[in-house]
Amino acid sequence: MKKLSIILILAGLASVSACKKVLDEQPQDAVSRETFWLTEDDAINAVNNCYRRLGDVDNRMFISCVTDDSYAWSNWPSDAIYVGNGSASISTGMFDNFWSNFYKMIASCNDVLENIDRDKALSETMLARLKGEARFIRAYAYQQLIGLYGDVVLRTTIPPTSEFVMKRTPRAEVAAFIVKELDEISADLPVTYEAGDEGRATRGAALALKSRVLLYEGQYAEAATAAQAAMTLGAYTIDPNYLSLFDGTNKNSKEIIFSARYVKNTQPNAMATWVGGPSLGGWSEITPLQSLVDAYEGTDGLPIAQSAVYDPAHPFENRDPRLKMTVVVPGVQVNGVTIDVTKLNSLDALGKGNASFTGYYYKKYIPRDIQGNWDNNSYSDVVLMRYAEVLLNYAEAKIEANQIDQSVYDAINQVRQRADVMMPLLTTAKVSGQVALREAVRRERRVEFPVEDNRLFDIRRWKIAATVMAGPAYGILNNFDANRKDDYGKHVLAEQRSFQVPRDYLWPVPQREVSLNAAVLPNNPGW
């Protein structure tokens with residue numbers, strides 16, 4: 001069997017002519033229908049190609065910077081800074097980059113689904129599985145699209161030139177399509193794969209994605225059922241080592257349900273450059289904000305405003321261990337290097353070249369083994385779905401449906417009781433009732449998923465984005481550099497942000513698409 005990683009190494013198969021619009025684009029790496037689809041390897045390689053854009057590190061990693069978790073100081077390679085601070089326009093590149101990437105992914109899947117039946121070398125089982133993989137990736141792309149843009153154009157075929165003008169489909173209809181697709185393909189996808197095929201779409205991935213879509217759409221009872229189905233597969237567990245899921249050392253963890261996979265030397269990425277600080281050769285382009293740091297509880301399991309063990313004079317001590325696993329606070333070691341912004345002569349100090357503007361760095365997603373230049377120094381995978389999300393999806397769905405029972409506590413506590421975390425158990429004596437549990441599960445999601453895409457979708461669907469995004473975005477308390485007259489004794493100001501309601505609850509259909517297809521108008525409110 002061809003390994004999944006093979007497609008990440010391919011330079012692309014022989015291409016056919018592409019249509020002008022991204023939305024209707026023939027996949028650039030599609031192949032001649034006359035010379036392809038003859039062997040099992042042909043079909044596998046074509047499906048492998050559908051996975052190729054999942055990582056999109058130069059854009060996806062920056063999605064955290066349009067939330068209250070992170071800050072981006074540069075407009076390259078992503079101009080997320082404009083989306084984060086509220087100054088974006090319909091022409092902002094981030095909007096076009098995500099739209100383009102997902103529709104190219106969809107086009108590759110549609111190309112496979114239109115042609116794979118021509119390959120007579122496939123057994124019925126293999127044909128069904130490969131179709132299921134392509135349909136899953138297409139469903140994943142549409143989940144991302146409706147979460148970002150709302151109503152989008154739904155295409156399940158490569159359109160002829162006569163159908164270039166296409167209207168958007170209501171978000172609810174696209175969500176229903178995604179759920180139907182996932183229901184239909186689940187039985188055709190294996191629960192697990194043999195060695196060498198790890199990373200392909202599984203039955204658990206389909207159930208996990210279904211739970212996410214239903215939760216995001218407010219269908220809580222159905223979301224809980226889908227999450228529970230994934231939980232009862234018995235294929236997944238919470239990994240005892242949180243950081244190993246993101247540093248390239250534990251790619252086949254039983255917690256990781258679906259990821260974009262990279263390969264050392266042959267298909268690396270620039271992740272360490274965007275996330276890492278100067279001492280690690282990085283450019284500090286994605287850095288944590290104080291808002292995220294403050295979200296981590298004290299070791300007594302209480303928010304810092306209520307915690308008896310929290311000491312403002314030593315704010316990083318007696319905290320949820322995930323804080324120092326996720327954020328580089330002063331004195332934390334990363335790959336044997338001690339990083340401390342309070343040391344004014346260090347490479348990582350505030351104001352130094354390529355140093356953090358917030359005074360914090362991410363430890364999460366820094367590869368254990370960094371090699372090469374800025375654009376190929378990482379090979380950590382990008383985690384897209386993991387078991388912790390399934391558990392918290394289940395808990396939140398049950399809470400919102402007001403079907404609170406012990407299983408809700410058990411699901412949250414599995415995440416909190418990771419072997420290297422071991423935060424106090426949630427119990428009915430400590431936290432009870434829908435309102436208190438809602439607050440608890442939302443805080444748990446935030447501290448569990450930084451630099452993953454969950455936070456953007458969460459603050460939108462909870463309708464808290466206008467509150468958490470508007471106003472000053474702060475970094476570390478500067479009680480160490482008196483030369484910085486403007487912020488000495490204060491928290492460092494990263495930027496002032498604005499948030500327009502309802503405009504910023506959805507991204508606009510990008511200008512390039514509007515120019516080519518006026519049928520997508522009217523655009524989203526406020527754009």
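The side chains of Ser244 and Asn250 form a polar contact at 2.9 Å, where the term denotes a pair of N or O atoms within 3.5 Å, one of which, within protein, must be able to donate a hydrogen and the other to accept it, and residues adjacent in sequence count only if both atoms are side-chain atoms. This is a predicted model, in which local features need pLDDT of at least 70 and side-chain atom pairs count only at pLDDT 80 or more, whereas totals for chains, interfaces and linings use all residues. Residues are numbered from 1 along each chain as its sequence is written, and side-chain values use heavy atoms, with hydrogens and water left out.

Ser244 lies in the loop between α9 (220–231) and β2 (256–260); helices (H or I, at least four residues) and strands (E, at least two) are DSSP runs numbered from the N terminus. Because its relative accessibility is 5%, Ser244 counts as buried, a word that stands for under 20% relative accessible area (1.4 Å probe, protein chains only).

Helix α9 also holds Ala224, which counts as buried because its relative accessibility is 5%. Leaving aside neighbours within four places in sequence, Ala224 is in contact with Tyr394, Ala397 and Lys398, contact meaning heavy atoms within 4.5 Å.

Key
Buried means under 20% relative accessible area, exposed over 50%, partly exposed in between (1.4 Å probe, protein chains only).
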